[in-house]
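Hi,

Here is the structure I promised to pass on. Have a look, and my notes follow below.

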Amino acid sequence: MDQQPYNVDSISELHKLFFLPPPKNPLITVIDLKGNLSQDHIEAKRLLINFYSIWFKEDVSGVVRYGQRAFDFQTGTLTFQGPGQVISMHKHYFSAGWGVAFHSDLLLSHTTLRDTIKAYNFFSYDVYQGLHLSEEEDKKIRALVADIAIECESNDPLSRTVLIAQLELLLARLYRVYKQQMNPARRDPTDLLRQVENILDQQAHAKQLLTVQLLAAQLRLSPHYLSDKLKELTGMNARQHIQARMIEKAKHLLGTTTYSVSEVAFQLGFEHMQSFCKVFKNKTGQSPSEFRENL
């Protein structure tokens, strides 16, 4: 028989879970996940959390089950839980990150957010994929979280109003990320391939080496998810798609221009000719010079 879940009913109990001092505000908190915070002291590995929480974890490992499904951390490391939901963990570790937790009682005096929060369906059991934050989004979200952490220290009469305003902005930004990423993940697979091909076509005219990270950022997907999806659809991961298109362009330049091999490498975005030659030979079995000679 499964063990009964460990109930976490309040923000104060959440702090105890992480061996932290009592929260400055009993209804909302920001937790710094750096420092090997762990729930290993809990005998029951299933948690029943009775408030809202948002987690951004770095270097995630292990398994977290959310409802009946395991979280897919390959797609990203930003996850959400709503009140009354059970999560279970097995060898779940992370090196750093942050958490924002807030109790529904915080919203009692704010009718708008109390009603609109139901529309933020990233708190639903149906969402079992983590979200990916681009570098720009990460900076903006971290700044908002830092502002909330500072305001949690305040106890003046307007503090609650300010906290709710900050929370509304945070949730709105996160919802935009959610909408941008969940739609591509569910759309027609041929649409994803078409977008990848369009980006690769545009990149063919740029003197910049396209990376998996840059390609994924333009599609608003995580690099892991993009590679896995492309592998599933075509048999080639994202890196292989990029290299195949690069080789096509290299062959075209070698065959139709008088550019030297080093100039071709520059046109493709390589800083060093040796790196280009190595990739070209690995993919074609010939060096660039040999390919040109055999045309």
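In which helix do Phe 276 and Phe 280 lie? Both are in α10 (residues 273–284), four residues apart, about one turn of the helix. Helices here are DSSP runs of H or I with at least four residues, strands are runs of E with at least two, and both are numbered from the N terminus.

Before you read on: this is a predicted model, where local features need pLDDT of at least 70 and side-chain atom pairs count only at pLDDT 80 or more, while totals for chains, interfaces and linings use all residues. Residues are numbered from 1 along each chain as its sequence is written, and side-chain values use heavy atoms, leaving out hydrogens and water.

Back to the rings. The whole structure has 16 aromatic pairs (Phe, Tyr or Trp rings, the last by its six-membered ring, with centres within 6.5 Å; planes under 30 degrees apart are stacked, over 60 edge-to-face, the rest tilted). One is edge-to-face, Tyr 120 with Tyr 175, at 5.3 Å centre to centre and 65 degrees between the planes. The two sit 55 residues apart, Tyr 120 in the loop between α2 and α3 and Tyr 175 in helix α4. Phe 276 and Phe 280 make a tilted pair, at 5.8 Å and 55 degrees, and both are buried (under 20% relative accessible area; exposed is over 50%, partly exposed in between, with a 1.4 Å probe and protein chains only).

There's also an open sheet of four strands, ordered β2-β9-β4-β7 with antiparallel pairing (pairing takes at least two DSSP bridges). Its edge strands are β2 and β7.

Cheers
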